[in-house]
Amino acid sequence: MTRHTRTSRFRPWAALGLSGFLALAPGCPPALARADDTSDVALEAVRRLKGMDLSANPSLRAAVENIADRLRGQPASVEVIRDFDLRSRAGHLVEFLRHHPEDAAAPEAIRYLARADARLLDPLLGSPTAPPPLLKAIARSGQPEWNDRSEALLAVAAAPASVRESALDALLQNEPGARRVAEMARKGSLQGPLLDRAAEGLRSARWPAVRELASGLGRGPAAQAGTPGAPPKQKVLDAHGDVARGAQLIRRDTVGCLACHKIRGEGADFGPALTEIGAKLGKEALYDAIVEPSAGIGFGYEGWLVATRDGEEFVGLLSSETDQELVLKQAGGNLARLRKPDVLRKDKQAQSLMPAGLADNLGVQGLADVLAYLASLRPPTP
Ligand code: HEC
């Protein structure tokens, strides 16, 4: 069996160039030799070269570029282009985003473009029919680079509602963008459902100063009644909740629970699964978990804010951390993979990653329905 120690592992490849190395497939580590698909082999090989300085080795650079070209249009190309900072291939990512804006790798492609050359996306975002999935990917990336574009799209009254909504969501995912939304709402440029959506987004923003800007905006039930804040606990616990209605409510986009929680096969894997939550928490504890998430943060679900050297901030759950890489799981389930040398600092957050205020617009009956439904989620009885 061939032995590959950590220190000697890269040298033969570097000397041969990666394509030369790949031609020697029988001599490569078993994991590589077994993969059938040549792209898998190429990708696996290139992953092991991560961290090498390509500028010192033109033939290696050519081999890595060659692999990026072979992976062109595939999600795996995003990782290769990012990890080796292949700016000459940034255009491939634009192409990838044009065809696969809904792919899980899309936000990562966007983050790379934000660093490499944000203007490359302009052609895709420049018209009032900009694709909403791309704007959603920008929202998931949390990048502020396209705030001008998003704001312009949001301001076009004639643009399709789905475009304006997605542009709004993209702005709400970064602090300067959220402030722009508050300003537009204050000036009266947002109306009707769009204003409600803006108000809701601002109220549940993760920046306290932004949440304050939301007061008095929108026509949500709470704002109408002039009683912002959650429905009072005792009233909710006294009300008779309807399990079926609760099940519907929780699945509404505007309530948003499934954007972060799984219930059986449904929803995103971010916060703890709620599949059997009724066996763990009674109605009062459920009320507290929803209305005051930061009062009792689940172990292992603390939020972290990670700042990188180039001034980006990421918020999420710490999914893994090694000497090379720190992986944050972000709301929606997206993974942000940050190179350790790029990380400036990381701080544990006192605030839960579950936004407060989610129940504010449900009303007493709505929240009672949601609690009844959650309390009914238990392990199947044999
Ligand atoms: C942005 C993501 C996000 C959204 C949206 C969200 N949650 Fe959470 N939730 C979390 C996270 C993260 C935790 C774990 C941290 C904590 O306990 O505060 C959590 C914890 C909980 C818990 C406690 C679970 C336990 O095992 O102790 C309950 C119950 C809960 N959420 C219900 C809801 C409901 C109901 C909604 C919709 C109204 C909702 N969540 C929306 C992220 C979210």
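The model is predicted: local features require pLDDT of at least 70 and side-chain atom pairs count only at pLDDT 80 or more, while totals for chains, interfaces and linings use all residues. Residues are numbered from 1 along each chain as its sequence is written, and side-chain values use heavy atoms, with hydrogens and water left out.

**Exercise 1. Describe the overall make-up of the protein.**

Step 1. The secondary structure comprises 21 helices and seven strands; these are DSSP runs numbered from the N terminus, helices being H or I with at least four residues and strands E with at least two.

Step 2. Of the 382 residues, 44% count as buried. Buried means under 20% relative accessible area, exposed over 50%, and partly exposed in between, with a 1.4 Å probe and protein chains only.

Step 3. Among contacts with a separation of 6 or more, 62% join residues 24 or more positions apart; a contact means heavy atoms within 4.5 Å.

**Exercise 2. Determine how helix 20 and helix 21 are arranged.**

Step 1. Helix 20 (residues 283-291) and helix 21 (residues 363-375) pack at about 120°, and their axes are 10 Å apart. Axes are lines fitted to C-alpha atoms, for helices over the stretch in contact, and angles run from 0 to 180 degrees between N-to-C directions.

Step 2. The two helices are therefore oblique to each other: angles under 35 degrees count as roughly parallel, over 145 as roughly antiparallel, 65 to 115 as roughly perpendicular and the rest as oblique.

Step 3. K283, L286, Y287, I290 and V291 of helix 20 meet L367, V370, L371, A372, L374 and A375 of helix 21. By class, this contact has 10 nonpolar residues, no polar ones and one charged. Ala, Val, Leu, Ile, Met, Phe, Trp, Tyr, Cys and Pro count as nonpolar, Asp, Glu, Lys and Arg as charged, and the others, Gly among them, as polar.

**Exercise 3. Repeat the analysis for helix 6 and helix 8.**

Step 1. Helix 6 (residues 75-83) packs on helix 8 at an angle of about 30°, with the axes 9 Å apart. That makes helix 6 roughly parallel to helix 8.

Step 2. V78, I81 and R82 in helix 6 meet E108, A109, Y112 and R115 in helix 8. The residues of this contact are four nonpolar, no polar and three charged.

**Exercise 4. Explain why helix 10 is described as largely enclosed.**

Step 1. Seven of the 10 residues of helix 10 (residues 132-141) are buried, so helix 10 is largely enclosed by the rest of the structure.

Step 2. The buried residues are P132, L134, L135, A137, I138, A139 and S141. They pack against helix 7, helix 8, helix 9, helix 11 and helix 12.

Step 3. S150, in helix 11, is buried with a relative accessible area of 1%. Its contacts include L135 and A167, leaving aside residues up to four places away in sequence.
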